[in-house]
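The entries follow the order in which I looked things up.

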Number of protein chains: 4
Amino acid sequence: MKAIVIHEAHDLRIEDRPEDAPGPGQLKLRLATGGVCGSDLHYYHNGGFGTVKLREPMILGHEVSAYVEEIGAGVTGFKAGQLVAVSPSRPCGGCKYCLEGLPNHCLNMRFYGSAMPFPHIQGAFRESLVADASQCVDATGLTPGEAAMGEPLAVTLHATTRAGGMVGKKVLVTGCGPIGVLSILSARAAGAAEIVATDLSDFTLALARQAGADRTINTAQDPDALAGYAAEKGHFDVLYECTGVAAALAGGIAAMRPRGVILQLGLGGDMSLPMMAITSKELELRGSFRFHPEFAVGVALMQKGLIDVKPLITHSVALSEAESAFKLASDRSQAMKAQIVFSE
Amino acid sequence: MKAIVIHEAHDLRIEDRPEDAPGPGQLKLRLATGGVCGSDLHYYHNGGFGTVKLREPMILGHEVSAYVEEIGAGVTGFKAGQLVAVSPSRPCGGCKYCLEGLPNHCLNMRFYGSAMPFPHIQGAFRESLVADASQCVDATGLTPGEAAMGEPLAVTLHATTRAGGMVGKKVLVTGCGPIGVLSILSARAAGAAEIVATDLSDFTLALARQAGADRTINTAQDPDALAGYAAEKGHFDVLYECTGVAAALAGGIAAMRPRGVILQLGLGGDMSLPMMAITSKELELRGSFRFHPEFAVGVALMQKGLIDVKPLITHSVALSEAESAFKLASDRSQAMKAQIVFSE
Amino acid sequence: MKAIVIHEAHDLRIEDRPEDAPGPGQLKLRLATGGVCGSDLHYYHNGGFGTVKLREPMILGHEVSAYVEEIGAGVTGFKAGQLVAVSPSRPCGGCKYCLEGLPNHCLNMRFYGSAMPFPHIQGAFRESLVADASQCVDATGLTPGEAAMGEPLAVTLHATTRAGGMVGKKVLVTGCGPIGVLSILSARAAGAAEIVATDLSDFTLALARQAGADRTINTAQDPDALAGYAAEKGHFDVLYECTGVAAALAGGIAAMRPRGVILQLGLGGDMSLPMMAITSKELELRGSFRFHPEFAVGVALMQKGLIDVKPLITHSVALSEAESAFKLASDRSQAMKAQIVFSE
Amino acid sequence: MKAIVIHEAHDLRIEDRPEDAPGPGQLKLRLATGGVCGSDLHYYHNGGFGTVKLREPMILGHEVSAYVEEIGAGVTGFKAGQLVAVSPSRPCGGCKYCLEGLPNHCLNMRFYGSAMPFPHIQGAFRESLVADASQCVDATGLTPGEAAMGEPLAVTLHATTRAGGMVGKKVLVTGCGPIGVLSILSARAAGAAEIVATDLSDFTLALARQAGADRTINTAQDPDALAGYAAEKGHFDVLYECTGVAAALAGGIAAMRPRGVILQLGLGGDMSLPMMAITSKELELRGSFRFHPEFAVGVALMQKGLIDVKPLITHSVALSEAESAFKLASDRSQAMKAQIVFSE
């Protein structure tokens, strides 16, 4: 079977790898669709990010859907041919954080396509994949492309649960890449009353409006628009910060009302923050990292028609053209989510 | 102008009353639509409930929409002819609970159509009404009937905010009168993943399904169905208890998982509770009473199309036929919400 | 070795049992002191409580301290002769509740001296005990009697964490048996500003004052005293309900302010509740059941001198006189906690 | 009467000012003691901080105790000669934040000795002061110096309530000036299980230990000591950041466990933060600003002997020597809190 392997920055290869057989509790899957994520792009363009660096070839990919092909011993509830969304999260279930209900902080996490430990955790961009049945969520009724959106949707649903109740809240989203637009969909599905979104690209802002943003601001064209929300100590209850850029965060902070909650999703390096505003308005900056129960929740909300991610999938390419998906996904002027079709 | 006045149980009269003039900060309104609520029915059938008893004639009604007719000094943001939803809640803004952000617990509350203090607080079922501008929320785009649903919707949205985050939660609703079905709509709008609803009437359960319930149970026909959720210490995260009946609450408690939250909305007398289950599963029984910011939130969510209350309005009658609305509203086999049309 | 075995109500025997050897990860302990708890008394007087009934002989006891005698393979951090407090809580670490950070709701819990499953879980009133090292907390600096108070103290600290922040709160404690007085100590250690306690016994109320209650009320002598707190919708932020008696709970509810939190600790049967007050004041009734991390916390707070439980230990008897401890512990006019000394 | 007036940086004068008479609801007070706070020092050394700059002469001071001298119309519950702690916080009681229960974010706040609005809000370092009765809390049983600590203690108690439940928490305090040491006292009074404190001065660290710190670290002498807490993703649940220095915050962040809460109390300018750690450990950085109900709570906890601030008062000088208090308070090698005695 073929797999998409990153060797170093800009060295992406499609290679043959042997298939695995499912053990007890596992499923053998034929991959359907894989989405290219920002961290995949970091490996592709830079060989990593921060202190996370490629040290050996690694199969990329962690946003995937697949068809059940073979069912391991002891697994019930699945049948051959069924479409499933596959969670890339594999906590150990035994460490202290797993036992505190924080599996996303597992000390022994094996998250698909991650160069954090060494040897690296191999990813899911491969024609054949063996996964634990507990990673697989029935996706009947969804397209393979939608099912592969389960993972980034889980990220923004997790951030939304981190925010506490969302009913009636005024929400600002800075940065309208896939995570930003999924944040809009998530906040809307959780009862937000008003959503304003900012970005530098008219293309992504059009998708933000389609996802439910009440107002969009192109901060390249209208850099002072957010300042209009700063009167009387600010306007927004919740900020999804999806840029990782200090200026965007600072602009958002000025528009936040006292006790507002900032969900930091954009992964950047060190950022300079206006601490005086954070202290005097008693803002809460909350990191949000990955997800766990939210993966199945997101699939269910899509199945019920409460969240529609289809407009976000702007490009689908064949496996043989995989590298073009990486190039498209890097261009916010024309692409939102680029996916690779492994099989129909 | 005419008003609907309750004198004692079963003595409902349409009487002439003088119109008021708007003072500073007020609006004079021409009533559009008024909905009959459970507490109106308590006055109609029993002359009150619990220790709350009619001691003088009282204009009923607190679920109303209206058209702006005249604008008092200092009021901005309204124009004649505009449809508004009118909140019946008038906290004093000066007592200790108002200053703690708990206006629904105001020590000097004047809530429309309430016999709690004496002299009673007169209600809003009257052709002409003078209200504070701060009670009035623009309802442009809604029908007068929808706008009059703003009040009971605020009740269930308040309960929903009392539940904390709702994303992905498994929800049980016991009792599918208007508050129960609005609880379904509210939980769905807040991101609930699974909703099961119970009632004794197939008519209301059909509306519950239309509102988004994934499964409905007629407990008259299938009294043991909830027991199927009791395995492994229970299934549901949240219970909206809308019956006020001890047996319904006890059945719900058996189906709740550890740390589940019970929102007590149904107003009954004393109820016998299975305390052993509450203690050993660490359930949380939370009273939910009226609302405040949720009134404007509900109107906005209806305007955005995120909550659709129209199917709940099963009956509309003319003012001259008002008493028939009280009779219809008492019959769950054929009516959900009965409204009175004061003007077109 | 000798063990205290309950055969049926009023049939308490001291019997010989074989000693066990420690396996890997375990400690062999020589018991120091064991405290008699309310559930032990239920078995002694009634053969059980509610649906929990003795069906075979069972060693009682779950409040114990012990000396380390032998150290199993792989255990570090303990040495022979060391005093430890032994937690009776043994969750499985693998079920869904354990993995959600709720080990007190473990589906496979084996809590010492409990007739809930069959075969029953044997208890810790035995001269020699083999326990998992993870159950044992260093108690150096404490007396064996204090160390044996680690368990009931953990119960009230757990309830206190269930209440959220306690700083500056006004606290009511109804029922001043050991759990009530430990609730006073816990609330005081957590920053409560005002503590009022009620009971029917002057003996226990004197200990309540010594533990930090600002005011005590003997409701037998002064049944209307709590009513003085009902003005302006009530006074108390938090209620520790430690009686399990409906009248005590109802009296407490009348004295609670809006949004007050009721921690239900007293285990009774069904109780009739004034639901109108719970709803209209938006009270929160929260069950609190056992504990987990709070066991080690309580031992640490005693070691630091922040909580002093010594005045509560009113009686200590030799193992040969064990039954007298059960009789003493049942008499609130002269005893608070009665303990059994297994070894010096 | 005499007042301590700052004209510009380093220009501190003792000037004569006329006395005021108490209006209805007010008390005329004879000042007892005033403590010098960090913001007083900013005015003294730099003429302000950040964008807050002196534009006219301003009486300094907001940490004061006083004796009741004259009682205005309608005031009850006070008598002449009584010692009171005086809160410097005067929210308007009518703006939207006051009505949300957030008076510390009042849009019209008049906080003693603050150059934020213009004309400036005059402070309380004056022999005679007229205050609203609602600002005054009975301090019977305290020394005037202790009573004057009510204000900074309220700051740290507010931060502690912002942290939620503290029972059993592992706490790190970075920076052991008065706010840092009061944070230690507050965390201890709220049930923290372990407290580690850092500073650059052995003098302040000795007071930190006296206040209850289990371990102190002089980061000048032992810069790597905190790194020992970084294993397994970190150790501390709560960080009181009292330096306003980016390096201290970054060192603290590395030692925080997942989901840890950082209370930002130190007021600095912009700070560079390690966002990757905040995101991936899902830390929560919460601003904490001033206080409101915590003022009376702190006085009560001191009266009950649960918090002892006396060791922090290292210097007391006469009014005529007031400037020496400002110089002493700036020197962490020998002073913690310096106070000015206005009258005995």
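Which side chain of chain A meets that of D:Arg162 in a salt bridge? I found that it is the side chain of A:Glu284, with N to O at 3.5 Å; a salt bridge is taken here as a side-chain nitrogen of Lys or Arg within 4 Å of a carboxyl oxygen of Asp or Glu.

Conventions. I note that this is a predicted model, in which local features need pLDDT of at least 70 and side-chain atom pairs count only at pLDDT 80 or more, while totals for chains, interfaces and linings use all residues. Residues are numbered from 1 along each chain as its sequence is written, chains are lettered from A and ligands numbered from 1 in the order in which they are written, and side-chain values use heavy atoms, with hydrogens and water left out.

Entry on chains D and A. I looked up the contacts first (heavy atoms within 4.5 Å) and found 42 residues of chain D touching 41 residues of chain A. The size of an interface is often given as the accessible area lost when the parts come together. Here the buried area (the accessible area, with a 1.4 Å probe, that two parts lose on being put together, summed over both) is about 3,800 Å², and carbon and sulfur atoms give 55% of that area. On the side of chain D, the residues that lose the most area to chain A are D:Met275, D:Thr279 and D:Glu282, which together make up 16% of what that side buries.

I then counted polar pairs. Across this interface the rule finds 10 salt bridges, and it also finds 30 residue pairs in polar contact, both residues being at pLDDT 80 or more. A polar contact is a pair of N or O atoms within 3.5 Å; within protein, one must be able to donate a hydrogen and the other to accept it, and residues adjacent in sequence count only if both atoms are side-chain atoms. Helix H3 (150-162), strand E15 (256-264), strand E16 (271-273), helix H7 (275-280) and strand E17 (284-287) of chain D each supply at least two residues to the side that touches chain A; helices (H or I, at least four residues) and strands (E, at least two) are DSSP runs, numbered from the N terminus. H7(D) gives the most to that side, with 5 residues.

Entry on a second salt bridge. D:Arg257 pairs with A:Glu100, the closest N and O atoms being 2.9 Å apart. D:Arg257 lies in strand E15 of chain D and A:Glu100 in the loop between strand E8 (83-86) and strand E9 (128-132) of chain A, so the pair joins two chains. Over all chains, the count by this rule comes to 76 salt bridges.

I traced an open sheet of 12 strands with mixed pairing, in the order E13(A)-E12(A)-E11(A)-E14(A)-E15(A)-E17(A)-E17(D)-E15(D)-E14(D)-E11(D)-E12(D)-E13(D); two strands pair if DSSP finds at least two bridges between them. Its edge strands are E13 (215-218) of chain A and E13 (215-218) of chain D, each of which pairs on one side only. Strand E17 (284-287) of chain A pairs with E17(D) in the antiparallel sense over 3 bridges, and A:Glu284 stands opposite D:Arg286 there. Within chain D, strands E11 (170-174) and E12 (194-199) pair in the parallel sense over 5 bridges, and the bridge partner of D:Thr174 in E12(D) is D:Thr198.

Entry on chains B and A. I found 18 residues of chain B in contact with 18 residues of chain A, with a buried area of about 1,300 Å², of which carbon and sulfur atoms give 72%. The count between these chains is 2 salt bridges, and B:Lys304 forms a salt bridge with A:Asp214, the closest N and O atoms being 2.7 Å apart. I also noted 6 residue pairs in polar contact between chain B and chain A, both residues being at pLDDT 80 or more.

Entry on a sheet of chain A. Three strands form an open antiparallel sheet in the order E2-E1-E6. Strand E2 (11-16) and strand E6 (58-59) of chain A stand at the edges with a single partner strand each, so one side of each is left without a neighbour in the sheet. Strand E1 (2-8) of chain A pairs with E6(A) over 2 bridges, and A:Val5 stands opposite A:Ile59.
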